[in-house]
Amino acid sequence: MAGFKRKEGREMVEMNTSSLPDLIFTILFFFMMVTTMREVTLKVKFVVPQGTELTKLEKKSAVSFIYVGPPTDQLRAQMGSGTRIQLNDRYAEPREVMDFVASERKGMVNEGDQVISIKADQHTHMGYITDIKEVLRKSWALKINYSASRRN
Amino acid sequence: MAKKKKKMPGLNTSSTADISFMLLIFFLVTTSMDTDMGLSRRLPNPPDPDQEDAQVDIKSRNIMYVRLNSAGQLWIKDETFNDYVDISILRQRAKDFIKNEQNFSKWPEKHVKVIDHMGRCFVTDKHVISVQTARDTPYFAYFQVQNELVAAYSELRDEISKEKFGRLYESLDEDLKAAVRQYYPQNISEAEPKKYGVAQ
């Protein structure tokens, strides 16, 4: 049978990939819109408590975070395992919260909207939290938010 | 001799996809998508240094003490009750206390108050729930107490909203919400932590 003779010189048709970059760019822009930049490297580890009466933090630009918990595993050798307070990129004392609040407030459009979110490990002793709250009161940062995850 | 006009070669764009992929991966790594949730509270105004320590006298029937010791155990005290309890009953007890449906003489006093959109109401807005913690109370115990108290208030507000306006509190307009907040104001006071059993 000589019915199918292979034609000579016929090349495979290449797929047109010229729209691929556009596609990827679209995904890229989507991610840039829905995500926020991670601003600080965490130096404490924490598991937030669970609750049911939670609200979402809106207006991300008006929110400042205070992290409370024991140092991360890498830092434990130097810093021990006691509870630490982290402001921006470093460990701090409760009294330094006042300066932190003031500096965070500087860039804000509406200072009254400022919210301080306390991300504290669930096994932290209340003493640390109370100290922070006292300083926050003194610096007139009265809207606070205890960071938590939803309990099912 | 003039050459035959050459065709302009197209720019090779096959690597654009790789470049944008790298950008994409960079953004995936450096960003976080978690939505932050939490329990929103408002701290009281700072104490006025010029003012003397004006201890407001509150009738003892109006106060419910909620204390947490260093082991995270919960203790409730009002005029009718004084014992350690489990966290699971706090919500109902707080609701009964705040509401005082029967106008019971050992629970918060009720008085007539005229509220916009609601008219004359019989409210217990002088009640106070006092939350006290020790310095070494675990944070999650305190958080659960706050959570239960907020839940008690929001359930009460939902009840009154349904009764007066036929809708849940969250779906009300801002001025109706304000009226409901006047009916059930959140009076949670947090005293300085006590140092139970700790040498001063």
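Predicted model: local features only at pLDDT ≥ 70, side-chain atom pairs only at ≥ 80, totals over all residues.
**View 1. Overall form of chain A.** The secondary structure of chain A consists of four helices and nine strands. Along the sequence these elements run in the order α-β-β-β-β-α-β-β-α-β-α-β-β. Taken along the principal axes, the box filled by the C-alpha atoms of chain A is roughly 95 × 40 × 35 Å. The radius of gyration of chain A is 26 Å, whereas a compact globule of 152 residues would have one near 15 Å.

**View 2. The side of chain A that touches chain B.** Contacts between the chains involve 47 residues of chain A and 40 residues of chain B. On chain A, two or more residues each come from α1 (20-34), β1 (36-37), β3 (55-56), β7 (115-120), α4 (126-138), β8 (143-147) and β9 (149-150). The element that gives the most to this side is α1(A), with nine residues. Sorted by class, the side of chain A that touches chain B has 22 nonpolar, 17 polar and eight charged residues.

**View 3. Packing of α1(A) against α1(B).** Helix α1 of chain B spans residues 16-30, and its axis lies 8 Å from that of α1(A). The angle between the two helices is about 15 degrees; α1(A) and α1(B) are therefore roughly parallel to each other. Their crossing is left-handed. From α1(A), the residues in this contact are Leu20(A), Pro21(A), Ile24(A), Phe25(A), Ile27(A), Leu28(A), Phe31(A) and Met32(A). They meet Thr16(B), Ala17(B), Ser20(B), Phe21(B), Leu23(B), Leu24(B), Phe27(B) and Leu28(B) in α1(B). Of the residues in the contact of α1(A) with α1(B), 14 are nonpolar, two are polar and none is charged.

View 4. Strand β8(A) pairs with β2 of chain B, residues 37-42, in the antiparallel sense. Five bridges join β8(A) and β2(B). Within this pairing, Ser147(A) stands opposite Gly38(B) in β2(B).

**View 5. Parallel strands within chain B.** Strand β8 of chain B (residues 128-133) pairs with β3 of chain B (residues 63-68) in the parallel sense, over six bridges. Here Val131(B) in β8(B) stands opposite Val66(B). Strand β8(B) also pairs with β9 of chain B, residues 188-190, again in the parallel sense, over three bridges. The bridge partner of Ser130(B) in β9(B) is Ser189(B).

How values were computed
Residues numbered from 1 in each chain as written. Chains lettered and ligands numbered in written order. Contact = placed C-beta atoms within 7 Å. Nonpolar A, V, L, I, M, F, W, Y, C, P; charged D, E, K, R; others polar. Pairing = 2+ DSSP bridges. Axes fitted to C-alpha atoms, helices over the stretch in contact; angles between N-to-C directions. Parallel < 35°, antiparallel > 145°, perpendicular 65-115°, else oblique. Left-handed = near helix turned anticlockwise from the far one by under 90°. Rg over C-alpha atoms; globule rule 2.2 N^0.38 Å.
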